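Here are my notes for a first look at this structure. Keep it open beside you while you read.

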Amino acid sequence: MAAPKPTLRRGEPDVGIGYGDDIGIACEVIRDALKGVPGVSQDPAPEALPWELAGSSVNIKVRW
């Protein structure tokens, strides 16, 4: 009997950064951080996408 496949789940939180912060660098830092987290699949690769201009932050959608 074959071993059962592990259950996969997608995480998709928003992360807010300041309007004066560099969006490109923030997205890169988030993606790099997720590379080192045990259990986070790299296929498909984690994403960090500028998502929303909120009242006091730029929100980045993080998916893994």
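1. Let's begin with asparagine 59, which sits in strand β3. Bear in mind throughout that this is a predicted model. Asparagine 59 counts as buried because its relative accessible area is 11%, below the 20% cut-off. Leaving out neighbours within four places in sequence, asparagine 59 is in contact with Val15, Gly16, Leu49, Pro50, Trp51, Glu52 and Ala54.

2. Next, have a look at serine 57, in the loop between β2 and β3. The side chain of serine 57 makes a polar contact with the side chain of asparagine 59, at 2.9 Å. Is serine 57 buried or exposed? It's buried, with a relative accessible area of 15%. Setting aside residues up to four places away in sequence, serine 57 touches Gly16, Ile17, Tyr19 and Glu52.

3. Beyond its neighbours within four places in sequence, valine 58 is in contact with Val15, Gly16, Ile17, Gly18, Tyr19, Ile23, Glu52 and Leu53. Valine 58 is also a member of the largest nonpolar core, which I come back to below.

4. Now for the overall layout. The protein chain has one helix and three strands, and from the N terminus on the order is β-α-β-β. The strands are β1 (14-17), β2 (47-53) and β3 (58-63), while helix α1 covers residues 23-35.

5. Which residues of α1 are buried? They are Ala26, Cys27, Ile30 and Leu34. Looking down the axis of α1, these buried residues fall within an arc of 100°, so they line one face of the helix. On the face turned away from that buried side you'll find the exposed residues Val29 and Lys35. The cover over the buried residues of α1 includes β1, β2 and β3.

6. The largest nonpolar core has nine residues: Ile17, Ala26, Cys27, Ile30, Leu34, Ala48, Val58, Ile60 and Val62. Both α1 and β3 supply at least two residues of this core, and the largest share, four residues, comes from α1.

7. Tryptophan 64 lies in the segment after β3 and counts as partly exposed because its relative accessibility is 34%. Apart from residues up to four places away in sequence, tryptophan 64 touches Arg9, Arg10, Gly11, Pro13, Leu34, Val40 and Pro46. Tryptophan 64 and alanine 26 are 38 residues apart in sequence, and their C-alpha atoms are 16 Å apart in space.

8. Arginine 10 is in the segment before β1. Not counting residues up to four places away in sequence, arginine 10 touches Pro44, Glu47, Arg63 and Trp64.

9. The peptide bond from aspartate 43 to proline 44 is cis, with omega near 5°. Most peptide bonds are trans.

10. Finally, some whole-chain numbers. A compact globule of 64 residues would have a radius of gyration near 11 Å, but this protein chain has 15 Å. Along the principal axes, its C-alpha atoms fill a box of roughly 55 × 20 × 15 Å. Buried residues make up 25% of the 64 residues in the protein chain. Taking the contacts with a separation of 6 or more, 56% are between residues 24 or more positions apart.

Key:
Residues are numbered from 1 along each chain as its sequence is written. This is a predicted model: local features need pLDDT of at least 70, side-chain atom pairs count only at pLDDT 80 or more; totals for chains, interfaces and linings use all residues. Side-chain values use heavy atoms; hydrogens and water are left out. The expected span of a helix is 1.5 Å times one less than its number of residues. Buried means under 20% relative accessible area, exposed over 50%, partly exposed in between (1.4 Å probe, protein chains only). The arc is that of the directions from the helix axis to the C-beta atoms. Contact means heavy atoms within 4.5 Å. A nonpolar core is a set of buried Ala, Val, Leu, Ile, Met, Phe, Trp, Tyr and Cys residues joined through side-chain atoms within 4.5 Å. The radius of gyration is taken over C-alpha atoms; the globule rule is 2.2 Å times the number of residues to the power 0.38. A polar contact is a pair of N or O atoms within 3.5 Å; within protein, one must be able to donate a hydrogen and the other to accept it, and residues adjacent in sequence count only if both atoms are side-chain atoms.
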